[in-house]
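Subject: Structure handover

Hi,

Here is the structure I promised to pass on.

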Amino acid sequence: MSTIRIAIDGPSGAGKSTLARSIAEKLGYLYVDTGAIYRTLGYHIYAKGLNPKDGTAVSAELPGLRVEMSHGRDGLQRMLLNGQDVTERIRLPEVSMYASAVSAHPSVRTYLLEMQRALARTHNVIMDGRDIGTVVLPDAEVKVFLTASPETRAHRRMLELEDRGTPEPYEKVLADIQKRDWDDSHRAVAPLRQAEDAVVLDTTALNFRESEEALLRIIRERT
Ligand code: C5P
C-alpha cells in the first residue's frame with residue numbers, strides 16, 4: 001500500500017502542531033509531532049544533568065535509550081522514555097532549549113530518522129518538524145513551509161504557556177523564539193530551511209480558521 005505523506009516544516013510557534021493535529025483528524029491521517037521526539041531526548045539529557053551541547057556525552061546515551069511513541073484513539077501522541085510516559089514533562093520551557101541543542105548532533109538525527117520514516121511507510125501521515133520535507137520525507141506528496149513573524153509566534157506561544165499554567169513574560173518568550181530560530185537554521189546538519197518544492201504559508205495575518213482553510217486548500221490541490 002502506498003501512503004500519502006504531508007510534510008509541514010517551519011520555525012517554532014508557527015502553529016504547525018495545532019494546525020496539523022486538527023487537519024489530521026479531519027482527513028483521518030496519523031499526526032506525527034517530530035519535535036516531541038527531539039524533546040523526549042532533550043528531556044532525558046536535562047533530567048540527567050548532562051550538557052546537551054556535548055556531542056560525545058549525548059551520543060553515549062543513545063544505545064541505552066528507548067524512545068517510543070504511541071497514538072491513542074483520540075489521536076493524541078504520547079511519548080515514552082524507557083517505558084515512562086513523559087508527554088507532559090517534555091513541554092517544560094527549559095526542555096525546548098535542550099531539544100534544540102541535542103537535535104544539532106548528527107548521531108541524534110540518524111538515531112531518530114528511521115523511527116519517523118517507518119511511521120510514514122505504514123500510515124497516511126501529517127508530520128511536522130524542521131526537516132521533514134528536506135530530509136525525512138523528501139518525496140512527500142505535499143510540502144508546506146509554515147511561518148509567521150517572530151512577534152506573532154511569541155504572542156501565540158505566550159498564550160499557550162498561560163493555558164498550560166506555566167506563564168512566561170512576552171520578552172522572554174520572544175527572545176527564546178529568536179534564539180531557537182537562529183540555532184535551528186544555522187546548525188550544520190538538517191538545518192531549518194524551506195524545501196525548494198514547498199508551498200510557503202505565512203499565517204501572521206491569519207487566525208486559526210483561516211490558516212486551517214488555507215492549509216486544507218493546499219493539501220486538496222495536491223492529493
Ligand atoms: O517543534 P518543537 O518546538 O517541539 O521542537 C523542539 C526542537 O526540536 C526544535 O527547536 C528543533 O531544534 C528540534 N527539531 C528538529 N527537527 C525536527 C523537529 C524538531 O531539529 N524535525
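Below is what turned up, starting with how to read the values.

This is a predicted model, in which local features need pLDDT of at least 70 and side-chain atom pairs count only at pLDDT 80 or more, while totals for chains, interfaces and linings use all residues. Residues are numbered from 1 along each chain as its sequence is written, and side-chain values use heavy atoms, with hydrogens and water left out.

First, the annotation. An unreviewed UniProt entry puts "domain: Cytidylate kinase" on residues 6-220; such annotations may be inferred rather than shown by experiment. That span is 51% helix and 16% strand, and its end C-alpha atoms are 11 Å apart. Helices (H or I, at least four residues) and strands (E, at least two) are DSSP runs, numbered from the N terminus.

On a 1 Å grid over the protein atoms alone, a cavity is a set of points where a 1.4 Å probe fits but cannot get out, whereas a pocket is an open set with protein on both sides within 12 Å along at least five of seven lines; lining residues have an atom within 4 Å of a point. Grid points are joined across faces, edges and corners, and a volume is the space filled by probe spheres set on the points.

There is one cavity of 30 Å³ or more, and the largest cavity holds about 30 Å³. Its lining includes Ala7, Asp9, Lys143, Phe145 and Arg193. Strands S1 (5-9) and S7 (142-147) each give at least two lining residues, with S7 providing the largest share, three. By type, the lining has five nonpolar, two polar and three charged residues (Ala, Val, Leu, Ile, Met, Phe, Trp, Tyr, Cys and Pro count as nonpolar, Asp, Glu, Lys and Arg as charged, the others, Gly among them, as polar).

The second largest pocket has a volume of about 200 Å³. Of its 13 lining residues, Lys53, Ser100, Ala101, Lys179 and Asp183 lie nearest the centre. Helices H4 (93-102) and H8 (170-186) each supply at least two residues of this lining, and H8 gives the most, five.

Next, helix H9 (residues 208-222). Its 15 residues reach 22 Å from first C-alpha to last, close to the 21 Å expected at 1.5 Å a residue (1.5 Å times one less than the number of residues). Among the buried residues of H9 are Ser211, Glu212, Leu215 and Ile219; buried means under 20% relative accessible area, exposed over 50%, partly exposed in between (1.4 Å probe, protein chains only). The buried residues of H9 pack against S1, helix H1 (16-27), S7 and strand S8 (199-202).

His105 sits in the loop between H4 and helix H5 (106-122), and it counts as buried because its relative accessibility is 12%. Leaving out residues up to four places away in sequence, His105 touches Pro52, Lys53, Asp54, Gly55 and Val58, where contact means heavy atoms within 4.5 Å.

Most residues other than glycine have a negative phi. Asn82, not a glycine, has a positive phi of about 45 degrees; it lies in the loop between strands S4 (77-81) and S5 (84-85). Ala190 also has a positive phi, near 45 degrees, and is in the loop between H8 and S8. Which of the two is buried, and which partly exposed? Ala190 is buried because its relative accessibility is 12%, whereas Asn82 is partly exposed at 38%.

Cheers
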